[in-house]
Protein chains: 2
Amino acid sequence: MLELKLHSECIACQVQVRFKDLQRVITDESKRFSLMIKVLNLLMKEVEERGRDITPTHLGTKLFRFIKIVTGISDPYEDEKRRECINGLKLYNVLNKELKSLDVMSRVVKCIKLALIGNALDLGVAGYIPPNTQYILKESEVIKIRECDIELILKMFKKARIISFILDNTGEAVFDKLLSESVRNLKTYTIAIVKSGAFQNDITIKEAEYLELSSSFDEVLETGTDAASIFLEELTPRVKRAINESDVLISKGMANFEYLSEVDEVINKPIIYMLKAKCRPVAKELGVNVGDYVLRTKIKS
Amino acid sequence: MLELKLHSECIACQVQVRFKDLQRVITDESKRFSLMIKVLNLLMKEVEERGRDITPTHLGTKLFRFIKIVTGISDPYEDEKRRECINGLKLYNVLNKELKSLDVMSRVVKCIKLALIGNALDLGVAGYIPPNTQYILKESEVIKIRECDIELILKMFKKARIISFILDNTGEAVFDKLLSESVRNLKTYTIAIVKSGAFQNDITIKEAEYLELSSSFDEVLETGTDAASIFLEELTPRVKRAINESDVLISKGMANFEYLSEVDEVINKPIIYMLKAKCRPVAKELGVNVGDYVLRTKIKS
């Protein structure tokens, strides 16, 4: 069990990203200013009460929820996510055709790479500019993953009866659709877990419907929460059972990594983390450089 | 008289830039974290007391001074500024040779462009990445300044007996050296005004000596303060007199624009503002786009 502490950098990042949230939905500057001060007051209160023990994931959840309440806007990234969906589906169609020419196992391998690179599509990290889709396609040609990691994951996939995907950003979900489809060719039952309410540009049940995740996964479940990750105390019984019944969890993105690595002993399931390390604290925790793609398997606590 | 109010964006920017200050000088993360919280507490206190009436320039000055006190480091950008000096002097030598082939007036015009573009060398704006020197040289070939602005400035230069340059970033000062030299060919007496103490990567009397400003200006004066701009209540009598005796002031950069446009009625001198609008609030105030170079003349209050 690892607990990512709050870093000074996380504070600067949260302030910046929360400003971007407000900038999206509040045009009146004096109103935005007073809301910004309220957000900072809440941040300071949380840090005063809990010190560095409040994790970035929890702090982000609190602050984003607060912004939704004070602005009265339940989904500040709605338009952005719709654009991500439209672009994502175009990409999905192109990739889907290409993938059909591959044999079952090569297709899984290619889809692992795509799902990993898909995590580059993130709007929730200060100073990080997400790449365009062309870049992502190019990256999938050149990205290198260690042979032994691939072999381990293929073995896990072949053995698993049920795999749950804990999804992250909206646009990224089309890559996860492709991975799920390729895994289903191995006769594995797949479950997509998406948020019920909005957190930044993360996929919710609404975008899951728009992206027709149910045509690519055997089941699509919503968490029952709008938290940055699948906070165990907030999950629906159905999601809890799904996680419990899964043989493997696929965890997409930084927030899911941050949270799941806190609670992996409780969950006690093999987890495959797929993320791009977009900030220094997470990169440091993983022992990689900022910008690196990380595929990491946690088999036993 | 214009007063740039504090924007929500200024808060996000200050937090980010102050984090970068701490990152430069404090390697121990838990120490950095507690200092970051102290900086935020001070920021909140200032905003609570003065609301949006505390300008970005004053807030930046307060917070940077605080960082210097709590870290015990009087110049957090010392190494960075030294690098800026070394690179700047190389550039100066190259440009100086080129400029010698021009006639007096063409040389002044070219130097105005270079001094304007030089303001791109800034480390004190969140999310702004300063360009390298090659880019600056290319820009000087293509930058367009309205003919009437140039004519007006040349007229002011020819008429002026004394021109004071209120300098900004350290690296930028080599371009101001070139402008001063070209202006001195018009028999104008030039004064460089630099800070006494460190503010971000701005030039202080120490770097002024390293860059040999005294060989390019008739006089080099230090402000007596480490404020983000030439706060009138903090200036030495000599600098006050210099400003009073000048026929024209050249104001480099955003912080000097922000402050001087607050007090220009008191100063009551023709001012030539030269800056790159690196953030939205300043760009909006000037009616330009973020990234635009701005050459603006204020002749009468």
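In the predicted model, four residue pairs, both members at pLDDT 80 or more, are in polar contact between chain B and chain A. Across this interface the rule finds zero salt bridges. On the side of chain B that touches chain A, α1 (8–25) and α2 (29–50) of chain B each supply at least two residues. The most is given by α2(B), with eleven residues. By class, the residues on this side of chain B comprise 13 nonpolar, six polar and five charged.

Contact between the chains involves 24 residues of chain B and 24 residues of chain A. The area buried between chain B and chain A amounts to about 2300 Å², and 72% of this area comes from carbon and sulfur atoms. Of the area that chain B buries against chain A, 27% is supplied by B:Ser8, B:Phe33 and B:Met44, more than by any other three residues.

Over all chains, the structure holds 48 salt bridges. One of these joins the side chains of B:Asp53 and B:Lys5, with an N to O distance of 2.8 Å. The two residues belong to distant parts of the chain, 48 residues apart: B:Asp53 is in the loop between α2 and α3 (56–71) of chain B, and B:Lys5 is in the segment before α1 of chain B. B:Asp53 has a relative accessible area of 39% and is therefore partly exposed; B:Lys5, with a relative accessible area of 37%, is partly exposed.

A salt bridge is also formed by B:Lys206 and B:Glu78, whose closest N and O atoms are 2.8 Å apart. This pair links helix α9 (residues 205–210) of chain B, which holds B:Lys206, with helix α4 (residues 78–99) of chain B, which holds B:Glu78; the separation is 128 residues. B:Lys206 counts as partly exposed because its relative accessibility is 43%, and B:Glu78 is partly exposed with a relative accessible area of 38%.

The side chains of B:Asp218 and B:Arg184 meet in a further salt bridge, at 3.0 Å from N to O. Here the partners are 34 residues apart, B:Asp218 in the loop between α9 and β3 (219–222) of chain B and B:Arg184 in helix α8 (residues 173–184) of chain B. The relative accessible area of B:Asp218 is 32%, so this residue is partly exposed. B:Arg184 counts as partly exposed at 27% relative accessibility. In chain A, salt bridges with shared partners join A:Arg65, A:Lys68, A:Asp226 and A:Glu234 into one network.

A:Glu139 lies in helix α6 (residues 133–142) of chain A. Apart from neighbours within four places in sequence, A:Glu139 is in contact with A:Ile117 and A:Tyr293. A:Glu181 is placed in helix α8 (residues 173–184) of chain A. With neighbours within four places in sequence set aside, the contacts of A:Glu181 are A:Tyr92, A:Asn96, A:Arg107 and A:Ser216.

In chain B, B:Val17 lies in helix α1. B:Val17 counts as buried because its relative accessibility is 4%. B:Val17 and B:Ala126 are separated by 109 residues in sequence and by 5.7 Å in space, C-alpha to C-alpha. Beyond neighbours within four places in sequence, B:Val17 is in contact with B:Tyr77, B:Gly124, B:Val125, B:Ala126 and B:Gln200.

How values were computed. Residues numbered from 1 in each chain as written. Chains lettered and ligands numbered in written order. Predicted model: local features only at pLDDT ≥ 70, side-chain atom pairs only at ≥ 80, totals over all residues. Heavy atoms only, no water. Contact = heavy atoms within 4.5 Å. Buried area = accessible area lost by both parts, 1.4 Å probe. Salt bridge = Lys/Arg side-chain N within 4 Å of Asp/Glu carboxyl O. Polar contact = N/O pair within 3.5 Å; in protein donor to acceptor, adjacent residues only side chain to side chain. Helix = DSSP H or I, 4+ residues; strand = E, 2+ residues; numbered from the N terminus. Nonpolar A, V, L, I, M, F, W, Y, C, P; charged D, E, K, R; others polar. Buried < 20%, exposed > 50% of the residue type's maximum accessible area, 1.4 Å probe, protein only.
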